[in-house]
Amino acid sequence: MAPAAAAPANGVSSLAGHVGHLDDKQADMLKKIWIKLFELFKQPGDPNSKPAPKKPVEEAPKKSGGFFSRGKKEPETQQEFFIGATTDPQWLSLPLEKAIPLIPGTELRRTFWNMVATDNPDAVCLRFLRARKWDLDAAYNMLINTLRWRLVMRVDDLIALGETGIREELESHKKGLGEQFTWNLNSGKACLGGPDKQGRGICFINVRFHHKEDQAPEVIKLLTMYVMESSRLVVNQPIEASCIVFNMEGFTLSNMDFDFVKFLLSCLEAYYPETLGQCLIHKAPWVFSTVWNLITPLLDPVVATKIQFTKSLNDLTQYVDPSALPSFISGDANKKTKDELIKVDPPKAGTLEKPTTAAVQDYEDAIKEFSYETSEWVKKTNAETKDEEPRREHARQLRQARIKAEKDIRGPNQWGAKGMFQVTEDNRLIIDFGSDGWEPKDITNTV
């Protein structure tokens, strides 16, 4: 298998509207959205905008038959303890035009660059423009709505803490909540791997292991965001999107969780636009047809076009090479993916303290350099900026700086410990899905 075969040799997407393939109108739109962002980052915010009082630590309600068994259900309306704990509730509750002025530009800038992470900054902005069909105002509103959402949902904190840090932080808010997170992460509900036949990373979701009442809704939200943000490390131009495979074998109505479905769809449609390459629903039983009729009206038309149903292993292997499939889908217990096969000890906890290492300072300097070059670039005509290589080089330098700072910014996770995607001692970003025919791939410079 040659997973990178679908990508052009120069690492540039061949798709119109992507990095390296912009017409004059699209290039103008990209420049305009950068101008609006730079202005946004200067705003002071409202000094009276404060977080709500911290909620007291609570005991998690016990369930009959064991902590994670199906027993007494949680109340329908539940308080969230981690999400929203550090921001003014109005940031998300107020209409966008009223909420955004309350938020300091420095906070919006911080989460923007954490959203970019190791990606090409232009590629991030272009995803919002494509998602709104090159309507500048609509794309900009979608982007800034994502930034306020990230701040309220504490996405950056999730990445800084890492899985063990998240567990400890959740336990400090509500006894048992952190244990729920860790159990879900290691339950086999989701595993990472790949690639699919377009070279994209895959998240395999084993639906039969999920029961809504086994955990607080907040835990599922946090797990979803954590897996999505952690897997963003495999992004390397022109591979911007990912694949999701829902294994529906053994599904019953007791596994259905509409709240999770709605949250996942909102993430893919509103906050991670253009990041879903394809979604495969595998071996859905007849009872799922009733559920599907309820889900279909919730689907964004663009997302709907990326969904395929596969009834057999032969159908599925039209999209994913057999060697990339986990054993719970292939049925071959002797051939497990790297995520399934390798067991690691819980990683060390990350921290919410802002890192001040030399690598982080170099990364901050790289952001300033990229921002300065971009502020100069937007002043020039398209004829003057026809040569895209200088800009790509600035993006490459920014990516390299972020990779060097990753170990200080990102809390340790099990996928790094397993060697699936990790930063090496010499600051190279390597992905290794471990499937047959896959060779470890250095994606340090692919922007």
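# Exercises on a predicted model

In this predicted model, helix 9 is mostly covered, with 12 of its 15 residues buried.

**Exercise 1.** Find where helix 9 runs, compare its reach with the expected span, and list its buried residues.

Solution. 
- Step 1. Helix 9 takes in residues 217-231, which is 15 residues.
- Step 2. From first C-alpha to last, helix 9 reaches 22 Å, close to the 21 Å expected at 1.5 Å a residue.
- Step 3. A residue is buried when its relative accessible area is under 20%. In helix 9 this holds for E218, V219, I220, L222, L223, T224, M225, Y226, V227, M228, E229 and S230.

**Exercise 2.** Describe the stretch that UniProt annotates as "domain: CRAL-TRIO".

Solution. 
- Step 1. According to the UniProt record, an unreviewed entry, this annotation covers residues 192-337.
- Step 2. Across residues 192-337 the chain is 34% helix and 16% strand.
- Step 3. The end C-alpha atoms of this stretch are 9 Å apart.

**Exercise 3.** State the volume of the largest pocket, then work out which residues and helices line the largest pocket.

Solution. 
- Step 1. The largest pocket holds about 1000 Å³ of space.
- Step 2. Its lining consists of 47 residues, and those closest to the centre are R110, N114, D156, K354 and P355.
- Step 3. At least two lining residues come from each of helix 4 (105-116), helix 6 (136-153), helix 7 (155-173), helix 16 (358-377) and helix 17 (389-409).
- Step 4. Helix 4 gives the largest share of this lining, seven residues.
- Step 5. Sorted by type, the lining of the largest pocket has 17 nonpolar, 12 polar and 18 charged residues.

**Exercise 4.** Identify the residues that line the second largest cavity, and explain why the second largest cavity lies between domain 1 and domain 2.

Solution. 
- Step 1. Helix 5 (residues 121-131) supplies the largest share of the lining of the second largest cavity, three residues.
- Step 2. By type, this lining has six nonpolar, one polar and four charged residues.
- Step 3. Domain 1 (16-43 + 81-153) and domain 2 (176-341) both contribute lining residues, so the second largest cavity lies between them.

Notes: Residues are numbered from 1 along each chain as its sequence is written. This is a predicted model: local features need pLDDT of at least 70, side-chain atom pairs count only at pLDDT 80 or more; totals for chains, interfaces and linings use all residues. Side-chain values use heavy atoms; hydrogens and water are left out. UniProt positions are given in the numbering used here, feature names are shortened, and annotations may be inferred rather than shown by experiment. Helices (H or I, at least four residues) and strands (E, at least two) are DSSP runs, numbered from the N terminus. The expected span of a helix is 1.5 Å times one less than its number of residues. Buried means under 20% relative accessible area, exposed over 50%, partly exposed in between (1.4 Å probe, protein chains only). On a 1 Å grid over the protein atoms alone, a cavity is a set of points where a 1.4 Å probe fits but cannot get out, and a pocket is an open set with protein on both sides within 12 Å along at least five of seven lines; lining residues have an atom within 4 Å of a point. Grid points are joined across faces, edges and corners, and a volume is the space filled by probe spheres set on the points. Ala, Val, Leu, Ile, Met, Phe, Trp, Tyr, Cys and Pro count as nonpolar, Asp, Glu, Lys and Arg as charged, and the others, Gly among them, as polar. Domain bounds come from an automatic or database domain assignment.
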